[in-house]
Amino acid sequence: MSVTSGAESAEPLEVWIDQDLCTGDGICVQYAPEVFELDIDGLAYVKDGDDELRQEPGAAVPVPLTILQDVVDSAKECPGECIHVRRVSDRVEVFGPEAD
Ligand code: SF4
């Protein structure tokens, strides 16, 4: 299975953050403020199109194709290695610490 297929196809992807590992540096928010936000607890959370932070553990939101590269870059740069991008269809991680 090609791990790059997620970026090259229009396959729907979603992203979630493991807050247990988040350092709160905010790099993800700089890359993709459309889906990431720091809450007052100093940790990053994902948010959906309605701008509501999803704070339940493991909550995932869709990755809009228009910002896919920003989200992928976030996952690569995340010092906590806690940003996970996976296919919606089979939940296989395509970018993040569990990809490859
Ligand atoms: S880049 Fe990673 S460690 Fe930094 S705030 Fe975002 S999720 Fe947390």
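The model is predicted, so local features need pLDDT of at least 70 and side-chain atom pairs count only at pLDDT 80 or more, while totals for chains, interfaces and linings use all residues. Residues are numbered from 1 along each chain as its sequence is written.

Let's start with the ligand. There are 14 residues around the ligand, and C22, C28, A44, C78 and G80 come nearest; a residue is near if its C-beta atom, placed from the backbone, lies within 6 Å. That shell has nine nonpolar, four polar and one charged residues. Here Ala, Val, Leu, Ile, Met, Phe, Trp, Tyr, Cys and Pro count as nonpolar, Asp, Glu, Lys and Arg as charged, and the others, Gly among them, as polar.

On to the core. The largest nonpolar core has 24 residues, and V15, I17, V35, V46, V71, I83 and V85 touch the most other members. Such a core is a set of buried Ala, Val, Leu, Ile, Met, Phe, Trp, Tyr and Cys residues joined through C-beta atoms within 7 Å. Buried means 20 or more other C-beta atoms within 10 Å of a residue's own, exposed means 12 or fewer, and partly exposed is in between, with C-beta atoms placed from the backbone.

Helices (H or I, at least four residues) and strands (E, at least two) are DSSP runs, numbered from the N terminus. Strand 1 gives the largest share of the core, four residues. Leaving aside neighbours within four places in sequence, V15 has contacts that include V35, V46, V71, I83 and V85, where contact means C-beta atoms, placed from the backbone, within 7 Å.

Helix 3 buries V71, V72, S74 and A75. Seen down the helix axis, these buried residues fall within an arc of 155°, so they line one face of helix 3; the arc is that of the directions from the axis to the C-beta atoms. The face turned away carries the exposed residues Q69 and K76.

An open, antiparallel sheet runs in the order 2-3-4, with strand 2 (36–38) and strand 4 (53–54) at its edges. Strands pair if DSSP finds at least two bridges between them. V46 has R54 of strand 4 as its bridge partner.

Lastly, A99 sits in the segment after strand 7. A99 counts as partly exposed because it has 15 C-beta neighbours inside 10 Å.

How values were computed
Contact = placed C-beta atoms within 7 Å.
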